[in-house]
Amino acid sequence: LGIGIPLSPEASVSFAPMLKKGNDLHLNGNFNLFKGDVPQISILGGKTEENGHKTENKEYSYGIGGNYTHAWRSGELNVSAGFNGGYSTYYGNILSTGNYTGEIYPSEPGHHSYTRVGASIGIKSSGAGKYGKKMNYAAGGSISYTQDKMVGKLQETYVKFNAEAGPTVGRYNKFMAAVGVEGINYNGTADSHLGLFHITPQYRYENANLKVNLGVKFQGEFGNKEGADKYHNFIFPAVHLSFNLLPDKLWLYGTVDGSNCLNTYSSALYANPHINPDETPSTLMMGSIPVNVEAGFKGRATDRISYRIFAGYTVHKGLQQFLYNQDKGWFSTFYSNTNEFRSGAELTVSTERVQGGFSTEYSSFGKGEKSTFKDGLEAIGFPALKGKAYLGYNWENRVYAGVECRFRGESHFACKDGTTGTAAGFADLQANVEYVYNPVFTFWLRGSNLLDAPLQYHPFYAGRGIGISAGIIVKL
């Protein structure tokens, strides 16, 4: 339980009863609310910056869920279910904040509320037991229902199923076949259905120092939305290689793969809660990654230091991006072809008292082509540089203290009227302290956005400023 300034109460509960060996059950629930003033954002000199004024924002989220796992010698069963929802306002409306007129005047922003309920089940072999060593299998399915309401109401039903099976031949060889299907159905503000299905034959070789996966993925599509499959491809590589250069110290790896992307409304909502259920569904399309290549090395310098360095290249056909509606303050989607080069590094340090790490990634995109909005744009919403650094300290299992900084470079934005520019980068610094009073009660204190940076994870939407929260953890 906790509460913060500006007003931001939060609560969470978890329950994990003691069960017989091989059985695990976890139940959880949470609620978070924020209500307070946030900086207004305007376009100044082609960049989004604070204009010195404030606007009110209210948002909340909640959820309950559970997960059950049953394991036996040769396999494992997993079942999960959950319900969650949220409320989000379109407080980033730049017209109501006077961006185009130079005047600031009050405006009641629009809002939307959404809920989601879903369940999944999966089963897989463990490679142990009389039959587990000779036959490999995995299968799983999920279903979810999402509802988002503003003026109209969008209803999305999403179903997915995947399975793979195959024998082990000799000591190191496996011959596998994977199949899968996923489908989406919309009702309300949209009335359409889309889907993908695939089959992937594979050969796998694995020993202590070498892992090889050679396969080809064949993927088809179905649906009744005209033009939604504009970027669809039918065949993709499915190749992965890794080699252990130094035992338990250094692995070299390489991957060449690809796939089509269904691009559901619920996944877009997760990526950007300021999309609109009345307008966005009509803009949704499938995307595709014909080829994705990545290579790098990873390992451990010592028992307490691990690392990873990588570089990659991706061909995007129909890369999903978010287009800002300056009249209303919400986003819809658009798509374009582009190529991406990326590189990055990760470092993690773990001792009995200290936990720390650093990760960063650089991405460079080509100009967008065959766009559903406008050709020649930089990739919208993707920063060239992003990363995270953190450091935590444990004193006698009594006091825990930590700091974390997430940083994000400038990114490009595009408005529905054709205006383009860059959204400012930022560094989001947070700190927290926990004091274990006794086995039952733990007190905590947290500071967020301590640099008071304009946190534009989405252009024109500044996150909350400096915040201080405190609370208590009760363990029974």
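User: How many disulfides does the structure hold?
Analyst: The count is 0 disulfides. Keep in mind that this is a predicted model.

User: OK, and Cys415, is that buried or exposed?
Analyst: Cys415 is buried, with a relative accessibility of 0%.

User: What about Cys261?
Analyst: Cys261 comes out as partly exposed, at a relative accessible area of 27%.

User: Switching topic: how many aromatic pairs are there?
Analyst: The structure has 18 aromatic pairs. One of them is Phe175 with Tyr203: the ring centres are 5.3 Å apart and the planes sit at 45°, so the pair is tilted.

User: Where do Phe175 and Tyr203 lie?
Analyst: Phe175 is in strand β9, residues 173-188, and Tyr203 is in strand β10, residues 192-206. The pair therefore ties together parts that are 28 residues apart in sequence.

User: And how much relative accessible area does Phe175 have?
Analyst: Phe175 has 44%, so it is partly exposed. Tyr203 is partly exposed too, with 24%.

User: Why does Phe426 count as buried?
Analyst: Because its relative accessibility is 8%, and the cut-off for buried is under 20%. Tyr457 is at 37%, so that residue counts as partly exposed.

User: Which residues form the aromatic cluster?
Analyst: Tyr91, Tyr324, Phe331, Phe413, Phe460 and Tyr461 form one cluster.

User: Now charges over rings. Which ring does the charged end of Lys211 sit over?
Analyst: That would be the ring of Trp251, with the charged end 5.4 Å from the ring centre.

User: And Arg308, which ring does its charged end sit over?
Analyst: The charged end of Arg308 sits over the ring of Phe310, 4.1 Å from its centre.

User: Let me jump to Ser448. Where does it lie?
Analyst: Ser448 is in strand β23, which covers residues 441-448. With a relative accessibility of 18%, Ser448 counts as buried.

User: What does Ser448 touch, leaving out residues up to four places away in sequence?
Analyst: Ser448 is in contact with Leu429, Gln430, Gly465, Ile466 and Gly467.

User: Zooming out, how many helices and strands does the protein have?
Analyst: There are 2 helices and 24 strands. As for overall packing, the radius of gyration is 24 Å, close to the 23 Å from the globule rule for 476 residues, so the protein is as compact as a globular protein of that length.

User: What does the C-alpha trace span along its principal axes?
Analyst: About 75 × 60 × 40 Å.

User: What share of the 476 residues counts as buried?
Analyst: 39% of them do.

User: Last one: among contacts between residues at least 6 apart in sequence, what share joins residues at least 24 apart?
Analyst: For those contacts the share is 60%.

Technical notes:
Residues are numbered from 1 along each chain as its sequence is written. This is a predicted model: local features need pLDDT of at least 70, side-chain atom pairs count only at pLDDT 80 or more; totals for chains, interfaces and linings use all residues. Side-chain values use heavy atoms; hydrogens and water are left out. A disulfide is a pair of cysteine sulfur atoms within 2.5 Å. Buried means under 20% relative accessible area, exposed over 50%, partly exposed in between (1.4 Å probe, protein chains only). Helices (H or I, at least four residues) and strands (E, at least two) are DSSP runs, numbered from the N terminus. Contact means heavy atoms within 4.5 Å. Rings of Phe, Tyr and Trp (its six-membered ring) pair if their centres lie within 6.5 Å; planes under 30 degrees apart count as stacked, over 60 as edge-to-face and the rest as tilted. A charge sits over a ring if NZ of Lys or CZ of Arg is within 6 Å of the ring centre and within 35 degrees of the ring normal. The radius of gyration is taken over C-alpha atoms; the globule rule is 2.2 Å times the number of residues to the power 0.38.
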